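Good morning, colleagues. Please take a moment to look at the sequence and the model.

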Amino acid sequence: MKITILGSGNVATQLGVALKDAGHEIAQVYSRNADNARALAAVLGCAATCVMDDIDTAVEMIVFAVKDDALSTLADVVGPKVTDAVLVHTAGSVPMDVFAGHAQHYGVLYPMQTFSKERKV
């Protein structure tokens, strides 16, 4: 599966590594901080961007591993560009219908554990 990851924090890092280790292709990492996007992209062997309009939506899945309060804004920017990707977010306080009207396939992936960038899950 070809995947874009939005976010560069603990959850994005651990999910990205786990998905790559499982054989999936990480196409791109987006972060509002360019250095953070590049750092995680280097680990995952993919492209990086800090520009919302440059987010790669020609993928099979987009993982939104961002702060809860940023999710709606990113869904509004990314959603209209999505053709057939599955959209999932990791926010515990946001319902999955934040993607309603933006994608046919969407959901929530809420891991019930603490993550850190340094400790592999």
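I shall speak about the salt bridges and then about one glycine. This is a predicted model, in which local features need pLDDT of at least 70, side-chain atom pairs count only at pLDDT 80 or more, and totals for chains, interfaces and linings use all residues. Residues are numbered from 1 along each chain as its sequence is written, and side-chain values use heavy atoms, with hydrogens and water left out.

How many salt bridges does the structure hold? There are two, a salt bridge being a side-chain nitrogen of Lys or Arg within 4 Å of a carboxyl oxygen of Asp or Glu.

Arg-38 pairs with Asp-35, with 2.5 Å between the closest N and O atoms. Both belong to helix H2 (residues 34-44), three residues apart, and so are separated by about one helical turn. Helices (H or I, at least four residues) and strands (E, at least two) are DSSP runs, numbered from the N terminus. Arg-38 is partly exposed at 48% relative accessible area, while Asp-35 is exposed at 53%. Here, buried means under 20% relative accessible area, exposed over 50%, and partly exposed in between (1.4 Å probe, protein chains only).

The other bridge joins Lys-81 and Asp-53, at 3.8 Å from N to O. Lys-81 lies in the loop between helix H3 (68-78) and strand E5 (86-89), and Asp-53 in the loop between strand E3 (47-49) and strand E4 (61-64), so the pair ties together parts 28 residues apart in sequence. Lys-81 is partly exposed, at 31%; Asp-53 is exposed, at 58%.

Finally, Gly-9 sits in the loop between strand E1 (2-6) and helix H1 (10-21). Its relative accessible area is 30%, hence partly exposed. Gly-9 and Val-66 are 57 residues apart in sequence, and their C-alpha atoms are 7.7 Å apart in space.
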